[in-house]
Amino acid sequence: SSYIHTYIHSCIPHRFGAELCFTQMFNSNSMISADDYLDNNFQTCPADRPLIVQIAGHNPAVMLQAARMVEDKCDAIDINLGCPQGIAKRGRYGAFLMEELELLHEIVSLLSTNLKIPVTCKTRIYQGEDGLERSIKLCETLVNAGAQMLTIHGRTREQKQQATGSCDWERVAEIKKHFGDKVPIIANGGIETIEDVYICL
């Protein structure tokens with residue numbers, strides 16, 4: 001059954017040495033409006049911990065309500081600001097919130113103030129002459145609002161499907177250098193082989 005498959009799959013990473021696991025992205029609107037959404041998409045077990053549940057949305061109150069539904073089953077809530085797909089654009093979430101800094105500050109601040117567990121964020125980068133400056137400003141907005149860890153996908157919002165291209169780990173490194181030890185930074189994207197892991201590190 002899909003439940004058994006999800007349960008076994010979710011417990012495997014820690015058994016093989018993973019120190020932290022994330023769920024897939026959950027839509028916060030669906031979490032609070034569809035009675036069977038979580039039952040059909042989220043099964044977990046104690047062996048999954050530490051576990052971060054990732055949610056997406058644009059309504060701060062809805063996202064807080066959704067996060068509260070799972071905060072006792074995980075160790076942090078991650079806000080997805082990295083999804084570049086068309087469904088995210090239509091739903092106004094994921095990477096399509098990267099320019100809405102005031103809204104992002106409101107979302108992160110509300111969740112970090114009202115949840116019992118930490119709030120983290122996943123986002124992407126900007127390119128161009130001002131790309132580093134804009135990327136740092138976005139990340140500073142999230143950290144100043146209460147994000148306790150950032151996952152940075154080293155591609156832009158436009159890099160998807162046939163235009164995916166390579167991952168800019170140097171840009172991630174520049175952001176990491178800017179923040180120093182203030183918050184943990186996870187480099188994301190472009191990992192296909194173990195050699196990629198070493199290059200990224």
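## Helices α6 and α7

Helix α6 passes helix α7 in a right-handed crossing. This is a predicted model. Two packed helices are described by the angle between their axes and the distance between the axes. Here, the axes of α6 (residues 101-114) and α7 (residues 131-145) come within 8 Å. They cross at roughly 30 degrees. Angles under 35 degrees count as roughly parallel, and α6 and α7 are therefore roughly parallel to each other.

Which residues make the contact? On α6 they are L101, L104, H105, V108, S109 and S112. On α7 they are K137, L138, T141, L142, N144 and A145. By class, the contact of α6 with α7 has six nonpolar, five polar and one charged residues.

## Helices α4 and α6

Helix α6 also packs with α4, at an angle of about 35 degrees. The axes of α4 and α6 are 9 Å apart. The crossing of α4 past α6 is right-handed. From α4, the contact takes P60, A61, M63, L64, A67 and R68. From α6, it takes L103, E106, I107, L110, L111 and N114. The contact of α4 with α6 divides into nine nonpolar, one polar and two charged residues.

Helix α4 spans residues 60-70. Its buried residues are P60, V62, M63, L64, A66, A67 and V70. What do the buried residues of α4 pack against? Their partners are α2, α3, β2, β3 and α6. The N-terminal end of α4 is capped by N59. A side-chain oxygen of N59 lies 3.0 Å from the backbone nitrogen of A61.

S28 sits in helix α2, residues 28-33. Is S28 buried or exposed? Its relative accessible area is 1%. Buried means under 20%, so S28 is buried. The side chain of S28 reaches the backbone oxygen of A56 at 2.8 Å. Not counting residues up to four places away in sequence, S28 touches A56, G57, V62, M63 and A66. Of these, V62, M63 and A66 are among the buried residues of α4.

N80 belongs to strand β3, residues 76-81. At 5% relative accessibility, N80 counts as buried. The side chains of N80 and Q54 are joined by a polar contact of 2.8 Å. A polar atom of the N80 side chain also lies 2.9 Å from the backbone nitrogen of C83. Leaving aside neighbours within four places in sequence, N80 is in contact with M25, Q54, I55, A56, G94 and K122.

## Backbone geometry in two loops

Where is P50 found? It is in the loop between α3 (37-41) and β2 (51-56). The peptide bond from R49 to P50 is cis. Its omega is near 0 degrees.

R92 lies in the loop between α5 (86-91) and α6. R92 is not a glycine, although its phi is positive, at about 55 degrees. How accessible is R92, and what does it count as? Its relative accessibility is 36%. Partly exposed covers the range between the buried limit of 20% and the exposed limit of 50%, so R92 counts as partly exposed.

Methods. Residues numbered from 1 in each chain as written. Predicted model: local features only at pLDDT ≥ 70, side-chain atom pairs only at ≥ 80, totals over all residues. Heavy atoms only, no water. Axes fitted to C-alpha atoms, helices over the stretch in contact; angles between N-to-C directions. Helix = DSSP H or I, 4+ residues; strand = E, 2+ residues; numbered from the N terminus. Parallel < 35°, antiparallel > 145°, perpendicular 65-115°, else oblique. Left-handed = near helix turned anticlockwise from the far one by under 90°. Contact = heavy atoms within 4.5 Å. Nonpolar A, V, L, I, M, F, W, Y, C, P; charged D, E, K, R; others polar. Buried < 20%, exposed > 50% of the residue type's maximum accessible area, 1.4 Å probe, protein only. Polar contact = N/O pair within 3.5 Å; in protein donor to acceptor, adjacent residues only side chain to side chain.
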